[in-house]
Amino acid sequence: MPPVSPDSGPPGPPAPPLSLAQVEATARAAHAGQTDKAGRPYAEHLWAVAEGVRRRGGDDEQIAAAWLHDAVEDDALTERWLDEAPLSRRTKDIVLALTKRAGELPEAYAARILATPGARLVKEADLAHNADPARLAVLDEATRTRLAEKYTRMRALLGQE
């Protein structure tokens, strides 16, 4: 029998799950230096979505997903990081459901969100902040119109008309 190396023993106990404060700090660090379409720090959007989830009665797993909802899509964090992070399976599933894939049709994206428990509420908060008239007002007319149509269509696909 070959010798057992110190690294080949049984795995230790799993890391404790990240607290919401740790998830927030991770998301803020991952998106540091990024801005939204209006030129505002991207962390403001993440905070607004997390607060929107909280106000809508979301639980801690959904709030954590709200903080991370764009991290993989924006390449701020890798899918491997998400897979290995000490987060609940449900939080990870929500983040992955909200991660748009290149070339993905809106119908397929919406169907994945609807099929993932807890994801619809997070997307609802995301859409609400994205479509906030105060946020849209600082954009040029063509961008405002394009985004308003995009958000209206997604709300319809999610049954949020």
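Predicted model: local features only at pLDDT ≥ 70, side-chain atom pairs only at ≥ 80, totals over all residues.
Which residues does Thr91 touch, not counting residues up to four places away in sequence? Keep that one in mind for a moment.

Now the answer. Thr91 touches Glu61, Ala64 and Ala65, leaving aside residues up to four places away in sequence. Thr91 itself lies in helix H5. Its relative accessibility is 2%, so Thr91 counts as buried; the cut-off is under 20%.

Let me step back to the whole chain. It has nine helices and zero strands. Along the sequence, the pattern reads α-α-α-α-α-α-α-α-α. The C-alpha atoms fill a box of roughly 70 × 30 × 30 Å along the principal axes. Of the 161 residues, 38% are buried.

Contacts next. Residues 24 or more positions apart account for 60% of them.

Then the surface and the charges. The chain exposes about 9,100 Å², and carbon and sulfur atoms supply 56% of that area. There are 21 positive and 25 negative side chains. The centres of those two sets lie 3 Å apart.

On to the core. The largest nonpolar core has 37 residues. Val53, Trp67, Leu68 and Val122 have the most contacts inside it. Which elements give two or more residues to this core? They are helix H1 (20-30), H2, H3, H5, H6, H7 and H9. H3 provides the largest share, six residues. As general background, nonpolar side chains in soluble globular proteins tend to be buried together.

Let's look at Val53 on its own. Beyond residues up to four places away in sequence, Val53 touches Gly58, Gln62, Ile63, Ala66, Leu121, Val122 and Ala125. Three of those names come back when we reach H3: Gln62, Ile63 and Ala66 are among its buried residues. Another three come back in H7: Leu121, Val122 and Ala125 are among the buried residues there.

So, H3. Seven of its nine residues are buried, which means the helix is largely enclosed by the rest of the structure. The buried ones are Gln62, Ile63, Ala64, Ala65, Ala66, Trp67 and Leu68. They pack against H1, H2, H4, H5 and H7.

Now H7. How far apart are the end C-alpha atoms of H7? Do the estimate before the answer. The helix covers residues 119-130, twelve in total, and at 1.5 Å a residue it should span 16 Å. The end C-alpha atoms are 16 Å apart, so the two agree.

H7 is mostly covered, with nine of its twelve residues buried. Those are Ala119, Leu121, Val122, Lys123, Ala125, Asp126, Leu127, His129 and Asn130. Note that the list includes Lys123 and Asp126. What covers them? The cover includes helix H2 (42-55), helix H3 (60-68), helix H5 (89-98), helix H6 (106-115), helix H8 (133-137) and helix H9 (141-157).

Two long-range pairs, quickly. Arg54 sits in helix H2. With 41% relative accessibility, Arg54 counts as partly exposed.

The second pair is Gly39 with Val138. Here the separation is 99 residues in sequence and 9.4 Å in space, again C-alpha to C-alpha. Gly39 is in the loop between H1 and H2. Its relative accessible area is 45%, so Gly39 is partly exposed.

Asp75 has a phi near 60°, a positive value in a residue other than glycine. Where is Asp75? In the loop between H3 and helix H4 (79-84). Is Asp75 buried or exposed? At 69% relative accessibility, Asp75 counts as exposed, since the cut-off is over 50%.

H3 has seven of nine residues buried. H7 has nine of twelve.

How values were computed: Residues numbered from 1 in each chain as written. Heavy atoms only, no water. Helix = DSSP H or I, 4+ residues; strand = E, 2+ residues; numbered from the N terminus. Expected span 1.5 Å × (residues − 1). Buried < 20%, exposed > 50% of the residue type's maximum accessible area, 1.4 Å probe, protein only. Contact = heavy atoms within 4.5 Å. Areas by Shrake-Rupley, 256 points an atom, 1.4 Å probe, with all protein chains shown as cover. Lys, Arg positive; Asp, Glu negative; His and termini not counted. Charge placed at Lys NZ, Arg CZ, Asp CG, Glu CD. Core = buried A, V, L, I, M, F, W, Y, C linked by side-chain atoms within 4.5 Å.
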